[in-house]
Amino acid sequence: MVTANEFSHVVKISEVGNHSRNLRLSADEAARHALMARFDLAALDMLEAEISLKHDADAVIATGRFTASLAQFCIATHDPVPAKLDEAIHIQFIAEPTSNGEVELELAPEDCDTMFHDGQTIDLGEAVAQSMGLALNPYPRSPEAEKILRAAGVKSEEDVAPVGALAGLKDLLAKK
C-alpha cells in the first residue's frame, strides 16, 4: 500500500479502466503548509493539477498540467522570491520490480518521468508534488541578491575569465 504524504491522492489501478479518467487535484491549506516545509518554500498559495489517467499495456499513464503559485527563499538574502509554475505532466507508473537482487531498468528518453506503483494503487498527489519540486528554481534570487553576492566576493559568470588551456579553448570556440 502507498504511504500517505503531504498531498496524497491515491487512486486504485483497478478503477482506472480502459478509458481515460480525468481528475482535478487541489492542495488544501494543510497540504500546502506541509509541502512548504518539505520543499523549503516561503509560501505556497496554490497547487492544482488536471490529470488524465489511462492504461497502456502494464503501465498507467498520467498526462496533464499542474499550476502553482509560490515563493522560494532567495539564496543570498533569504527574502521571498515569488514564482508561478505552469508545467506539463507526463508520468508512467509501472509496477515496482519484485526481484531481490539488483534490477536494471532500461528507460527510453520519453520514459524519464517514471514512477513505481505497488500493483494496486498510485499516488497522483505525490507525483504532482515531485513534479513541482523538480520545477522549482534551484537558485532563486531577489532583486538585492546580486549586490549581496558581489559584496561577499562571489563573481558572476561574466566576471570569471578562463585561464591556462581553457583560455585558448574559449578563443577557438569563438572563432567557429
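Contact means heavy atoms within 4.5 Å. Axes are lines fitted to C-alpha atoms, for helices over the stretch in contact, and angles run from 0 to 180 degrees between N-to-C directions. The structure is a predicted model, in which local features need pLDDT of at least 70 and side-chain atom pairs count only at pLDDT 80 or more, while totals for chains, interfaces and linings use all residues. Residues are numbered from 1 along each chain as its sequence is written, and side-chain values use heavy atoms, with hydrogens and water left out.

**Exercise 1.** Determine the order of the strands in the open sheet and the kind of pairing.

*Solution.* Step 1: two strands pair if DSSP finds at least two bridges between them. Step 2: the five strands follow the order S2-S3-S4-S5-S6, and the pairing is mixed. Step 3: S2 (21-26) and S6 (114-117) each have a single partner strand, so one side of each lacks a neighbour in the sheet. Step 4: neighbouring strands are turned by 25° against each other on average, direction ignored.

**Exercise 2.** Describe how S3 is paired with S2 and with S4.

*Solution.* Step 1: S2 and S3 (residues 41-56) are antiparallel, with six bridges; Arg 21 is opposite Leu 53 in S3. Step 2: S3 and S4 also run antiparallel, joined by 14 bridges; Glu 48 has Thr 67 in S4 as its bridge partner. Step 3: two residues separate the strands in the hairpin of S3 and S4, where Ala 57 has a positive phi near 60°.

**Exercise 3.** Classify the packing of H1 against H2.

*Solution.* Step 1: the axes of H1 (residues 29-39) and H2 are 11 Å apart, at an angle of about 45°. Step 2: angles under 35 degrees count as roughly parallel, over 145 as roughly antiparallel, 65 to 115 as roughly perpendicular and the rest as oblique. Step 3: H1 and H2 are therefore oblique to each other. Step 4: the contact involves Leu 35, Arg 38 and Phe 39 of H1, together with Glu 126, Ala 129, Gln 130, Met 132 and Gly 133 of H2.

Terms used. Helices (H or I, at least four residues) and strands (E, at least two) are DSSP runs, numbered from the N terminus.
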